[in-house]
Structures are given as structure tokens and as C-alpha cells.
Amino acid sequence: MQRRDVLKVLGAAPAAAFLPAAALTATAAAQAAPATAAAPAAYQPRALDAHEYRLLTVISDLILPADERTGSATDCGVPACVDDFLTIRGELLLDQIRGGFLWLDRETRRQHKVDFADATKAQQTALMDRIAWPGRAALEDQNAAAFFNHLRDLVVNAFYSSQMGVQDLQYQGNTMVMDWVGCPAPVLTKLDTSYAAAQWRLPFPRTGA
């Protein structure tokens, strides 16, 4: 499983932006010393227990590890986002995710005598590859494959709904461009089309002068 095969909402505003001008003037001398911001409190899972949340963290970074362009899934808070989502989706989905976690632990203990989160990365990825594609999974692994693909959807959706994920997509829909150059030539070639071949016409005939 590769980082790009599976195609990150954190931000902070400067504290000074919320201070009135008088307060800034009164505290100008204090600004000479560097201020130390309070560290954010660690997220406390609400839907999953500590062991399940650790599993979710490990799996999230296996699905979306850091690469040369962006951080990993946990770098932008994906596990917290998924856990929070599970609190509002009801017991059925939560039970499905928990069942999948139990299966991962059971299989890893059977093969390697450790829980999934404590296995080596090679052992973890080998088991995940076994259930990553429903069409290739063995009959006895079909339920596990359904669990993993559902969890992968949650992880990827959380990642690409975040600021880091939008930057990773290099989305430019809200960016003004001076010139529209159209679809890149390699894409047009792959689609076996061209602008010249396209038939452009108005939905209704022009009338009048």
C-alpha cells in the first residue's frame, strides 16, 4: 500500500489579533521576552477505548504515512476526527469498527504472538494487504475486508477534509488565475480527445442582431 494509492482541520490565529490596541500598547515591554504558548491538551477518545484508539492511530498512519509533501494522518488529527465521528454515527458502525480491531488483534496474535499495534511494520502491512482489496480477499476474510475498506474511507475522508489534506491535493478552486489554459495536454491525450475535436454550441440558437 503506497501513500498515493489511497488519494489532512487544524489552525491557530495569533493571540495578538484578539487584543485591543490599548492592551497591545500597555504590554509592549513584556513583548520583548518570548511568550510561551500553552500546549494543547491531548485528545481524549470518546467512542473508542485506549487500546482501540491506539490501533486506530497505527492504522491511520499505515494508510496515510508522511511523505515528501505532507505529514501523516496523525499529524493532522485524523484519529481524533474519526473517533469523534464514531460518537455520532450510532452503535452499529462502532460495533463494526470494534469487530475489525478484534479481528486484527486475533490474527496478529495467531501469527506473531503480539497485538497488531505491537507487531512490526512489515507484519502489519502484510495483514492489511490481505484485506485491502475485497475482490482479492479470501472468502473467510470478506468481513474483515469490508471493515478495512470502511475504515480506510473514514481515514481518507478525514485527511482530505483537513487543511493539510486540501494543500496536499493542491486544490486551486478558490485561487484567481490570470489565464485559463485548459486541461493539460497529457490528460487530453489519455482521454483520447482534444479541444479541436470538441463540438461546442449554444443550448439555444442566437436571435436578433
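**Rings and surfaces in a predicted helical model**

Biologist: Why is Phe85 called partly exposed?

Modeller: In this predicted model, Phe85 has a relative accessible area of 27%; since buried means under 20% and exposed means over 50%, the value of Phe85 falls in between, and the residue is therefore called partly exposed.

Biologist: Where does Phe85 lie, and what is Phe85 in contact with, leaving aside its neighbours within four places in sequence?

Modeller: Phe85 belongs to helix H3, residues 78-86, and, with those neighbours set aside, Phe85 is in contact with Leu93 and Leu154. Its C-alpha also lies 8.6 Å from that of Ala47, although 38 residues separate Phe85 and Ala47 in sequence.

Biologist: What makes the aromatic pair of Tyr43 and Tyr53 tilted?

Modeller: By the ring rule the count comes to 3 aromatic pairs, and one of them joins Tyr43 and Tyr53, with 5.8 Å from centre to centre and 35° between the planes.

Biologist: How do you know whether Tyr43 and Tyr53 are buried or partly exposed?

Modeller: The value for Tyr53 is 16%, so Tyr53 is buried, being below the limit of 20%; Tyr43, at 31% relative accessibility, counts as partly exposed.

Biologist: Why is the pair of Phe159 and Tyr160 called edge-to-face?

Modeller: Their ring centres are 4.7 Å apart, and their planes meet at 85°; because an angle over 60 degrees counts as edge-to-face, the pair receives that name. Phe159 is buried, at a relative accessible area of 0%, and Tyr160, at 14%, counts as buried as well.

Biologist: How do you know that Arg136 lies over the face of Trp133?

Modeller: Arg136 is placed at 4.6 Å from the ring centre of Trp133, and the limit for that distance is 6 Å; the assignment over the face rests on the direction too, for which the limit is 35 degrees from the ring normal.

Terms used: Residues are numbered from 1 along each chain as its sequence is written. This is a predicted model: local features need pLDDT of at least 70, side-chain atom pairs count only at pLDDT 80 or more; totals for chains, interfaces and linings use all residues. Side-chain values use heavy atoms; hydrogens and water are left out. Rings of Phe, Tyr and Trp (its six-membered ring) pair if their centres lie within 6.5 Å; planes under 30 degrees apart count as stacked, over 60 as edge-to-face and the rest as tilted. Buried means under 20% relative accessible area, exposed over 50%, partly exposed in between (1.4 Å probe, protein chains only). Helices (H or I, at least four residues) and strands (E, at least two) are DSSP runs, numbered from the N terminus. Contact means heavy atoms within 4.5 Å.
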